[in-house]
Amino acid sequence: MKRILLMVLRNILLVPYMWCKLCYRASHADKYSIEEHSAFLKWIVYRANKGGNVHIDVHGVENLPKENGFMFFPNHQGLYDVLAILEACPKPFSVVAKKEIRDIPFLKQVFACMKAYMIDREDVRQAMQVIINVSEEVKSGKNYLIFAEGTRSKAGNKIGNFKGGSFKSATKAKCPIVPIALIDSFRPFDTNTISKVTVQVHFLEPLYFEEYKDLKTNEIANIVHDRIQKTIDKNVSHTS
């Protein structure tokens, strides 16, 4: 990945410090508040993006619920997605991610700092326990992010189907559901170029419990999917 090398080279004097601090924080996650972790991660991501010719174009921050205890549901384009949202989002959040990526260097440490849950989609009991744990933490005021596609679309700005089961934590928590439309988030890490790229992050209007309480999770998934795809289609560059 040429862009990752560019990010490292342009921050070469800071990289040893960043890496040591990140690893220490990941190994001692309970020593820091989620706000402290978030501020540190946002600083690292900002420096990486600046060095890597990545600009984050943020829209809809005013749509974020005023109180914590909500869930993000973005489309999933690639490994860069969480990093884009980290810079864009003014509020701390954690992540539910598939176990297959838990050992990827850097992401492993980032997720440890975020106190993320790794879900095993082959283990129904473990997956259900994650759903329960996340719903309880959201009720207590923590924000979470789940990729409802389950895996990255690999089709650029055309998103895949959203799985209804991904919304079970939200329905159990009776919390606001915040769709996020990511545009060109696949370009930083999944294209073989180091030219300047702009990633758009659109925070869409939330769905509140009163709006979705009578809907099945598959129906909620379809609504969120369609709102995100409509936003992408409206804002995507003709060159994408």
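Begin by selecting Asn53, which in this predicted model sits in the loop that joins α3 to β1. Asn53 is partly exposed, since its relative accessible area is 24%. If your viewer reports backbone angles, look at phi here: for Asn53 it is near 60 degrees, a positive value in a residue that is not glycine. Most residues other than glycine have a negative phi.

Next, select Lys174, in the loop between α7 (168-173) and β6 (177-183). Lys174 also has a positive phi, of about 55 degrees, although it is not a glycine. Is Lys174 buried or exposed? With a relative accessible area of 55%, Lys174 is exposed, because the cut-off for that word is over 50%.

Now move to helix α2 by selecting residues 15-27. Within α2, colour the buried residues, which are Met18, Leu22, Arg25 and Ala26. When you turn the view to look down the axis of α2, these buried residues fall within an arc of 100 degrees, and they therefore line one face of the helix. On the other side of α2 you will find Cys20 and Ser27, both of which are exposed.

The crossing in which α2 passes α3 is left-handed. To see the side chains where they meet, show Tyr17, Met18, Lys21, Leu22 and Arg25 from α2, and then, from α3, Glu36, His37, Phe40, Leu41, Trp43, Ile44 and Arg47.

Finish at Phe70, in the loop between β1 (54-59) and β2 (71-74). Phe70 has a relative accessibility of 0%, and so it counts as buried. Leaving aside residues up to four places away in sequence, Phe70 touches Pro65, Lys91, Val138, Lys142, Asn143, Tyr144, Cys175, Pro176 and Val178. One of these contacts, Lys142, deserves a distance label: although Phe70 and Lys142 are 72 residues apart along the chain, their C-alpha atoms are separated by 7.2 Å.

Key
Residues numbered from 1 in each chain as written. Predicted model: local features only at pLDDT ≥ 70, side-chain atom pairs only at ≥ 80, totals over all residues. Heavy atoms only, no water. Helix = DSSP H or I, 4+ residues; strand = E, 2+ residues; numbered from the N terminus. Expected span 1.5 Å × (residues − 1). Buried < 20%, exposed > 50% of the residue type's maximum accessible area, 1.4 Å probe, protein only. Arc of directions from axis to C-beta. Left-handed = near helix turned anticlockwise from the far one by under 90°. Contact = heavy atoms within 4.5 Å.
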